[in-house]
Amino acid sequence: MVAIGVLLMSGMENMIARLHHAFRWDCDVCGRENFERAICMEKEYIESKIEGEVDKDGEYVLYPALVSCKHCSAQFLATFQDLTDLEEEDE
Ligand SMILES: [Zn+2]
């Protein structure tokens, strides 16, 4: 995962918001947007759980198995859809 910061305004150097990886999802009940914070994994920990090495340049994050809408409290099982999956849906 690569992140690029934009819009650096002068005089705001002391006002820093720490951004974290997150997963965005839309609630199928109320239609509103939700975010779940991603849990970053150390490569050494992952390699201790699997056989072999992981991609040195990759970042590894976990998402929750169950999510709950912050607005209407509906619960859903979670699955991950990355950009590759979205491109295949468009074809
Ligand atoms: Zn909802």
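**View 1. Order of elements in the protein chain.** From the N terminus on, the elements of the protein chain follow the order β-β-β-α-β-β-β-α. The protein chain thus shown holds two helices and six strands; helices (H or I, at least four residues) and strands (E, at least two) are DSSP runs, numbered from the N terminus. This is a predicted model, in which local features need pLDDT of at least 70 and side-chain atom pairs count only at pLDDT 80 or more, while totals for chains, interfaces and linings use all residues. Residues are numbered from 1 along each chain as its sequence is written.

View 2. Strand β1 (residues 22-26) pairs with β2 in the antiparallel sense over five bridges; two strands pair if DSSP finds at least two bridges between them. R24 has F35 of β2 as its bridge partner. Six residues lie between β1 and β2 in this hairpin, and G31 in the turn has a positive phi of about 80°.

**View 3. Exposure of strand β2.** Strand β2 (residues 33-37) lies largely in the open, because zero of its five residues are buried. A residue is buried if 20 or more other C-beta atoms lie within 10 Å of its own, exposed if 12 or fewer, and partly exposed in between, with C-beta atoms placed from the backbone. Across the 91 residues of the protein chain, buried residues make up 0%.

**View 4. The loop around S73.** S73 is located in the loop between β5 (66-68) and β6 (75-77). Although S73 is not a glycine, it has a positive phi of about 70°. S73 is exposed, because 10 other C-beta atoms lie within 10 Å.
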